[in-house]
Amino acid sequence: MLLTVTAIVACLLLPMVQSQTFTIEADSSINVTIGGTANFTVRPSRSVKSGNWDFNDKNIGQWIGSSISMSNEYESRAQILTPNGSLKLKSVTISDSGKYTVTMVPEVGDQASATIILRVIERVSNVTISSNNSAPVESLHTILLTCHAMGSIQSRIWYKDNKVVKNNDRMMTSEDNATLTIINVDRNDSGKYACYVIGSINDESGDFNLTINYGPDEVIIRPAGSSQLELGASLTLSCSASSVPAAIYKWYNGDSLLQMGQTYNIDSASQSSAGNYTCQALNTITKKNRSSTVEVTIQEKRTQSSKLLVGAIVGIVIGVLAVVLVIGITVWQIKKKYSRGNGGSQQSNSIMTSPGSGPAASSNGTNPENMVKKIVSHSLLLICLEFWAT
């Protein structure tokens, strides 16, 4: 019987005990843009007699009933709202980010506390990229690009020439993507790099033009190979080599420095113009140089008579060919005619010839073959005389 009464009393008292438990409802965190107003809204479970707000264990203000007292630091921009004890904080800055705790004492029951985290969000701005080396050289240096930005940053993405940079054996980003490392740079690493910063309320990007210095590569001289000039003639030699920055060019004739520049002009060739012309290309950043050499020879200028001599020789050759052609046709016709006439007169000629005498003469006393030989001999003689006369 006693046990039953005790159980009934306990059941009747339990709701009363539970009703005396004091709680404070509040959001766990709030986000506010820099310069804005933070509203720390709290909802106590029953009437509050007093309370106080702290920021990172530093007092902001307190109240008892309707009487409110604010610390000097917050008096101008903080406000405690009664009767529920909510807090309003104006013109927040990055330094206001942190943990805000309210402690309340109810009219009946024990005190309670609640904590709200304030995140002050700043717009992303001033995105820039810096490099650890202002003049990197191909295959010599490792580059570290760093992305700087102000504001509330969530993540970063790297781009090269508008394409996302992916980690490989030479390119790699840090864990927070704030830096990009390029090991043993080469000329193909040159280009426009961009850091795209994603913020809580906005996104911004910054870019950087990376130039990798290299060269000079093979030196090429135009015209290539040996050049032969007449006295008084002119020649322009040009030199080129792939290089960043652009190479400085020097021209030499043998060991003698002629001039600096990408081209060299021989305006009027003389015997002293002959020699080996060397173009040297120098890169002032890489400190490397390469060279190439061509030969220039000088010959006597051909006179007008020598030019006429060449023309005369050409004319003579053509004349000889024509004479030979005519003679060949003439010989063929004479032989043909002679062969016909010789068949009827061979017998009479043999009777008229005395024994032991030489070959019979033709009816006009001239052998056609001998006549042709004389014509050719006379023609060649005339050609030789003409040649020597010129």
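Two strands are taken to pair if DSSP finds at least two bridges between them. In this predicted model, five strands form an open sheet of mixed pairing, in the order 21-27-26-23-24. Strand 21 (227–230) and strand 24 (256–260) are the edge strands, each of which pairs on one side only. Direction ignored, neighbouring strands of the sheet are turned by 30° against each other on average. In general, strands of a sheet pair through backbone hydrogen bonds, in either a parallel or an antiparallel sense. Between strand 21 and strand 27 (residues 289–299) the sense is parallel, and the pairing runs over four bridges. Within strand 27, Gln299 is the bridge partner of Glu230.

The packing of nonpolar residues was examined next. Nonpolar side chains tend to be buried together in soluble globular proteins. The largest nonpolar core holds 27 residues, of which Phe40, Trp53, Ile60, Tyr100 and Leu118 touch the most other members. Several strands give two or more residues to this core, including strand 3 (38–40), strand 5 (48–55), strand 6 (58–64), strand 10 (98–106) and strand 11 (112–121). Strand 11 supplies the largest share, five residues. Apart from neighbours within four places in sequence, the contacts of Phe40 are Ile30, Trp53, Ser86, Leu87, Leu89, Tyr100, Ile116 and Leu118. Another core, of 19 residues, lies apart from the largest one, and Leu229, Tyr264, Tyr277 and Cys279 are among its members.

The cysteines were considered last. A disulfide is a covalent bond between the sulfur atoms of two cysteines. The model contains two disulfides, and with bonded cysteines counted along the chain they follow the pattern 1-2, 3-4.

Because Cys147 belongs to strand 13 (residues 143–150) and Cys195 to strand 18 (residues 191–199), the pair ties together parts that are 48 residues apart in sequence. Cys147 and Cys195 are both buried.

The other disulfide is formed by Cys239 and Cys279, whose sulfur atoms are 2.0 Å apart. This link is left-handed, with -95° about the S-S bond. Distant parts of the chain are linked here, since Cys239 lies in strand 22 (residues 235–240) and Cys279 in strand 26 (residues 275–282), 40 residues apart. A residue counts as buried under 20% relative accessible area. Cys239 has a relative accessible area of 2% and is therefore buried. Cys279, at 0% relative accessibility, counts as buried.

Methods. Residues are numbered from 1 along each chain as its sequence is written. This is a predicted model: local features need pLDDT of at least 70, side-chain atom pairs count only at pLDDT 80 or more; totals for chains, interfaces and linings use all residues. Side-chain values use heavy atoms; hydrogens and water are left out. A nonpolar core is a set of buried Ala, Val, Leu, Ile, Met, Phe, Trp, Tyr and Cys residues joined through side-chain atoms within 4.5 Å. Buried means under 20% relative accessible area, exposed over 50%, partly exposed in between (1.4 Å probe, protein chains only). Contact means heavy atoms within 4.5 Å. Axes are lines fitted to C-alpha atoms, for helices over the stretch in contact, and angles run from 0 to 180 degrees between N-to-C directions. A disulfide is a pair of cysteine sulfur atoms within 2.5 Å.
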